[in-house]
Amino acid sequence: MPRARKKLDRIRQVHSWMQSRFRTPHPTVLRFVSPEASEGSLGFVELHRGKLRISLLKTCTHQHLQDLLIHEYSHAMDWSHHRAPRPDHGPHFGVCYSEVYRAYIDEGGWKESYECKW
Ligand SMILES: [Zn+2]
């Protein structure tokens, strides 16, 4: 399957690639939201019906969406099983972020093509 040419389709493929490479405490789902539904945020993760739902503002540029997906997927990897709140961008988040960033940016993940259902 070739790399998708449309912005949002390509970001969905990148998300599938991340799912194939990195574990998260709950399965992740990706959705794109309009400015009105974005709650004033460019991207966020929430636990929704047993899944970690990643929401990204669909009007962002392709490059920005890639950066946001790396960031929000790292939050999903860092999602706490514990009741005690953890800092949003604590040390474990940093480890997750560096793993995804390195695989995607430095080790050619950005070139990968993955089948995904949409
Ligand atoms: Zn964050």
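Me: Helices (H or I, at least four residues) and strands (E, at least two) are DSSP runs, numbered from the N terminus. In which loop is Arg-49 found?
Reply: This is a predicted model, in which local features need pLDDT of at least 70, side-chain atom pairs count only at 80 or more, and totals for chains, interfaces and linings use all residues. Residues are numbered from 1 along each chain as its sequence is written. Arg-49 is found in the loop between β2 and β3 (51–57).

Me: In what order do the elements of the protein run from the N terminus on?
Reply: The protein has 3 helices and 3 strands. Starting at the N terminus, the order is α-β-β-β-α-α.

Me: Is Arg-49 buried or exposed?
Reply: A residue is buried with 20 or more other C-beta atoms, placed from the backbone, within 10 Å of its own, exposed with 12 or fewer, and partly exposed in between. Arg-49 is not a glycine, yet has a positive phi near 55°. Because Arg-49 has 7 C-beta neighbours inside 10 Å, it counts as exposed.

Me: What is the phi of Glu-39?
Reply: Glu-39 lies in the loop between β1 (28–33) and β2 (43–48). With 10 C-beta neighbours inside 10 Å, Glu-39 counts as exposed. Although Glu-39 is not a glycine, its phi is positive, at about 55°.

Me: What share of the residues in the protein is buried?
Reply: The protein has 118 residues. The buried share of them is 26%.

Me: Which residues in α2 do those in α1 meet?
Reply: Contact requires C-beta atoms, placed from the backbone, within 7 Å. The α1 side consists of Lys-7, Arg-10, Ile-11, Val-14, His-15 and Met-18. In α2 they meet His-62, Leu-65, Gln-66, Leu-69 and Tyr-73.

Terms used:
Contact = placed C-beta atoms within 7 Å.
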